[in-house]
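Please go through the sequence and the model below before turning to the briefing, which takes up a fold, an interface and a single residue in turn.

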Amino acid sequence: MRYLPHTQEDIKEMLAVTGRTSLEDLFDTIPDALKTKTDLNLPDPLTEWDLNDHMEKLASDNIACKGYTCFIGAGSYDHHIPAIIPYLVSRSEFATAYTPYQPEVSQGTLQGIYEFQTMVTDLLGMDIATASHYDCGTALAECALIALRKNKKADKIAVSDLVHPSHRQIIDTYLKPAGFEMVTIGHTKEGLTDLSAVEALDGIAGLAVQSPNFFGHIEDLAACKKVAESKKILFITSFTEALAWGLLKNPGAFGADLVAGEGQSLGIAKTFGGPGLGLLAGTAKLMRDLPGRLVGRTKDTNGEDGYVLTLSTREQHIRREKASSNICSNNGLNAMTAAMYLSTIGKIGIREIARLNHDKAVYLKSVLTAAGCEPVFDQPFFNEFVMKAPKNFKQKRTELINRHCMFAGLDLEPFYPQLTDHYLFCATEKVTREQMDQLAKEVA
Amino acid sequence: MKEINDLNLPEDVKYTKDHEWAKSEEGIVTIGINDYAQDQLGEIVFVELPEVGDTFSAEDEFGSVESVKAVSELYMPISGEVAAVNENLEDAPELVNEDCYQGGWIIKVKPSDNAEMNALMDKAAYLEMLKG
Amino acid sequence: MTRQPGTSGLIFNEPNVWDKSRKGRCAISLPIADVDRAPLDPELTGDAPDLPQLSELDVVRHYTRLSQWNFGVDSGMYPLGSCTMKYNPKTNEVQAARQGFAGAHPLAGEAFSQGALRLMYELEQYLAEITGFAGVTLQPAAGAHGELAGMLIIHAYHAKQGRQRSKIIIPDTAHGTNPASATLCGYKSVNLKSGPKGILEPDAVAAVMDEDTAGIMITNPNTLGLFEEHIKEICDIVHAKGGLVYGDGANMNAIMGVMKPGDAGIDVLHLNLHKTFSTPHGGGGPGSGPVAVTEALIPFLPIPRVEKQLDSFRFVTDCPDTIGRMHTFYGHFGVMIKAYAYILSMGARGLLDASRLAVLNANYIKDSLKDTLNLPYDRPCMHECVFNDARQKPYHITTMDMAKRLLDYGFHPPTVYFPLVVEGAFMVEPTETESKDDIDQFINAVKAIAREAESAPEKLTRAPLLPKVTRLDEVSAARKPCLRG
């Protein structure tokens with residue numbers, strides 16, 4: 001097997017040094033009763049050729065193999081990934097390295113992540129960003145735990161029901177065993193978080209609102225901040241579409257204490273939902289409360305600039321049972337990817353791409369309205385919006401997939417049972433006017 | 001790491017099993033970590049302090065001291081209310097290494113029971129404990 | 001004697017990416033706007049973030065130069081104990097890049113994602129077979145995430161029994177993520193000392209196991225590289241008092257095809273796809289931490305689960321006892337593809353050989369270096385062995401000094417100062433993909449460094465000299481953190 005370099009001679013010589021006669025002898029400390037007596041029941045090994053065939057067949061069973069027109073977002077976005085990104089991130093010095101525990105030979109990763117942290121703080125208008133988390137949902141759950149740890153008298157977190165449904169489920173998973181409670185805040189008929197419901201609550205440590213929210217609408221973050229301040233609780237905001245900050249006023253501008261976000265839009269392929277990129281940012285005051293790795297700048301013995309992992313005493317390998325989080329590996333290579341992407345699009349590119357996302361979504365909404373869909377809400381949105389579809393839409397939608405490889409929106413009923421025939425549409429810079437016109441034509 | 005005989009252990013303070021020192025002056029008890037503790041920890045990068053006004057019982061955890069690779073909790077040698085915290089430690093945590101009995105003091109406490117100081121060790125007893 | 005790999009060479013200086021920014025540059029091909037500009041309320045609009053403005057070559061050079069400062073498995077031997085830095089097969093990358101996988105939207109619908117669902121289902125089956133369990137979830141995004149899932153499952157199990165317990169037994173050799181994960185569930189960690197042989201003693205477990213203890217977390221082989229010989233008895237003791245056994249499977253690379261953790265009585269086990277199953281470490285992730293469970297614990301697995309019906313696959317969420325969701329979608333699918341491709345490439349025999357050769361390599365290193373470095377537990381090891389710096393103390397040389405000098409010789413150092421039970425630990429895990437030739441070079445380097453410790457210790461205390469930077473001031477980095485540019 002090509003990954004196993006040992007020749008028979010090698011094995012003989014090495015066994016001799018260990019004082020054993022066979023490879024089986026190396027496992028003498030395993031009680032015989034526990035040893036597996038039969039071969040593992042796995043498929044016969046495939047050659048590289050056969051593996052390619054097998055995987056090609058599997059990949060062809062996914063409609064994505066054909067290249068489809070995607071009008072769905074909901075936490076996973078179809079953006080153009082420039083050719084240099086996969087090229088650079090596949091450099092094995094980045095990909096096959098591990099956590100930078102020996103900083104002298106990890107300056108590539110460390111400087112790259114330091115630059116990532118910096119660009120994320122620029123993007124979000126916050127003081128500090130960590131080196132990444134698994135995804136927005138888990139980063140948001142960590143933010144909830146930070147708020148609950150800082151306010152020992154509170155045992156609840158208020159979470160808007162327009163936070164991504166999966167993220168709310170994750171928060172619930174994390175909070176329950178620790179004895180905390182997530183209080184769901186409903187939304188108004190205008191499609192925004194009902195802040196009046198928050199005013200009435202007691203014993204909460206923080207308020208979490210997603211903006212742009214799951215319906216695509218831009219929330220009134222200034223009002224959210226006011227409510228949080230009046231109740232002396234932490235203001236947490238989240239987002240699933242990172243490119244929104246190329247156009248919209250960022251969370252830092254509204255005084256957010258903590259921000260959790262999804263960075264998949266920053267040069268990372270959708271890949272059936274993972275790995276994505278969890279972003280977590282906070283104010284300077286919360287520096288020592290942030291979970292996960294942090295890269296800091298320092299100097300070496302010659303006075304040269306260099307980078308190291310720092311503030312490690314927050315983390316599990318030092319604090320152990322007193323650590324605020326158990327996170328060890330994060331999504332490092334995806335953070336590098338995002339840094340490369342942000343460097344590539346730059347200040348000019350992010351503005352233009354964000355504008356195009358918004359412009360195309362507005363156009364899509366207008367042509368769908370003309371085609372007979374009902375625009376349910378009248379809120380400013382970024383690149384996603386909700387439409388009520390005509391009665392026969394479900395079949396049409398399936399036809400559109402099978403005949404035109406077009407995914408026309410996401411059915412919202414499984415997430416919000418009262419919203420029957422409501423669909424969440426998304427338009428990114430990748431969809432063309434032609435495709436949007438075609439969709440409208442088919443729907444009408 | 002220093003040898004036990006090279007440690008700086010003043011006569012005029014009391015010692016605890018957690019390698020802290022306590023000195024009573026005019027009704028206020030000043031508390032810090034001793035030379036053994038600072039030497040073991042290495043270069044200190046951060047001291048987590050309580051708030052003025054916080055009250056604790058003896059043996060309660062009131063803060064912590066961090067080096068790059070380790071965290072050491074701080075425990076109250078006596079019960080009482082925090083009267084002052086050493087704010088210089090925020091910008092210069094290294095004071096604890098350089099001058100642990102004077103400039104590197106950590107908190108000052110108004111004791112709730114003056115008798116508790118008697119339960120602490122003097123230098124000789126502390127040295128016994130270290131050597132044993 | 002062959003030359004050591006470490007040598008000097010031309011690498012490049014490179015500033016921060018924003019230092020190269022020049023107003024007006026852009027490295028992306030911008031699409032042409034084919035719709036009208038839509039106005040947006042200026043109150044909602046912000047300034048464009050102050051990202052750098054670079055040309056495409058600026059970006060390419062920047063990251064190419066940065067990569068030159070890094071050391072990966074592809075650069076040289078990387079014997080980080082408990083990390084399993086084995087070779088990352090490139091065909092796995094080809095598979096993950098297939099358009100059908102990379103372009104798949106997670107909400108496209110099961111009917112249009114049968115390829116992905118089949119891959120997940122089959123991977124679950126393979127991992128269950130390798131570990132000896134009844135059910136698997138692929139959802140956790142990393143080992144620590146899998147540990148949390150495992151703790152949540154144990155917590156949910158006890159809740160269902162009607163009596164929640166408050167403690168978890170954790171050996172002193174445990175990885176820090178173990179007690180941290182237990183704490184996240186509200187459990188108090190009960191620290192358990194390993195015995196003089198470096199493994200857990202059943203009597204010690206029995207002494208602390210009671211009906212208020214939810215269970216025990218065991219790593220087997222443990223972080224000293226030793227097989228926990230009393231594992232079956234320990235599981236029995238815990239089970240007798242109604243507790244569950246959590247297995248930390250980070251060291252699975254030692255026992256594939258040799259023994260199955262499920263057969264020893266473990267109830268729930270996590271795996272690290274980025275360790276045992278060859279997916280790349282990425283400089284700190286993304287990894288993947290699947291969790292395998294016994295039949296009794298299947299109802300508690302996170303949702304959604306993958307189910308097979310005739311010859312098609314679907315997601316199932318109607319699981320009333322589930323611990324809930326742990327990841328926004330289904331876990332790190334991109335990582336799963338690579339592990340799946342690896343298992344298909346190796347087959348049963350290949351995985352068994354991998355474990356056997358990993359253990360051979362570690363024992364060969366142990367027996368070759370035990371006269372050079374102090375070996376606290378001179379017993380047969382599994383896939384890793386732990387030395388320390390006791391012999392170098394007279395020269396005032398530490399494990400850290402030896403590790404830094406190894407860099408100049410062209411090797412990534414082993415894991416240092418872990419596990420905590422060994423002072424100055426030096427944990428070596430070669431993995432099976434290192435050849436005898438490369439291992440001999442490593443052994444010779446360590447021997448040379450030990451000689452230098454005696455005759456020229458400043459070569460170690462000043463090391464490393466060859467990488468881009470010398471030792472870094474971690475104290476100032478922690479005292480005055482500078483976390484952004």
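Helices (H or I, at least four residues) and strands (E, at least two) are taken here as DSSP runs, numbered from the N terminus. On that basis, chain B contains four helices and nine strands. This is a predicted model, in which local features need pLDDT of at least 70 and side-chain atom pairs count only at pLDDT 80 or more, whereas totals for chains, interfaces and linings use all residues. Residues are numbered from 1 along each chain as its sequence is written, chains are lettered from A in the order in which they are written, and side-chain values use heavy atoms, with hydrogens and water left out.

**Chain B**

- Read from the N terminus, the elements of chain B follow the order β-β-β-α-β-β-β-β-β-α-α-β-α.
- The radius of gyration of chain B (taken over C-alpha atoms) is 14 Å, close to the 14 Å from the globule rule (2.2 Å times the number of residues to the power 0.38) for 132 residues, so chain B is as compact as a globular protein of that length.
- The C-alpha trace of chain B extends over about 35 × 35 × 20 Å along its principal axes.
- Of the 132 residues in chain B, 48% are buried, a term that means under 20% relative accessible area with a 1.4 Å probe, protein chains only.
- Where contact means heavy atoms within 4.5 Å, 63% of the contacts in chain B between residues at least 6 apart in sequence join residues at least 24 apart.

**Interface of chain A and chain C**

- Chain A brings 178 residues to the contact and chain C brings 197 residues.
- The buried area, which is the accessible area (1.4 Å probe) that two parts lose on being put together, summed over both, is about 16,100 Å² between chain A and chain C, with 65% of it from carbon and sulfur atoms.
- A:Tyr98, A:Glu104 and A:Phe272 supply 6% of the area that chain A buries against chain C, more than any other three residues.
- Nine salt bridges are counted between chain A and chain C, each being a side-chain nitrogen of Lys or Arg within 4 Å of a carboxyl oxygen of Asp or Glu.
- A:Glu56 and C:Arg98 form a salt bridge through their side chains, at 2.4 Å from N to O.
- Helix H11 (residues 332–370) of chain A gives the most to the side of chain A that touches chain C, with 25 residues.

**C:Arg356**

- C:Arg356 lies in helix H9 (residues 333–369) of chain C and is buried, at a relative accessible area of 13%.
- Apart from neighbours within four places in sequence, C:Arg356 is in contact with A:Leu23, A:Glu24, A:Leu26, A:Phe27 and C:Arg349.

How values were computed. Buried < 20%, exposed > 50% of the residue type's maximum accessible area, 1.4 Å probe, protein only.
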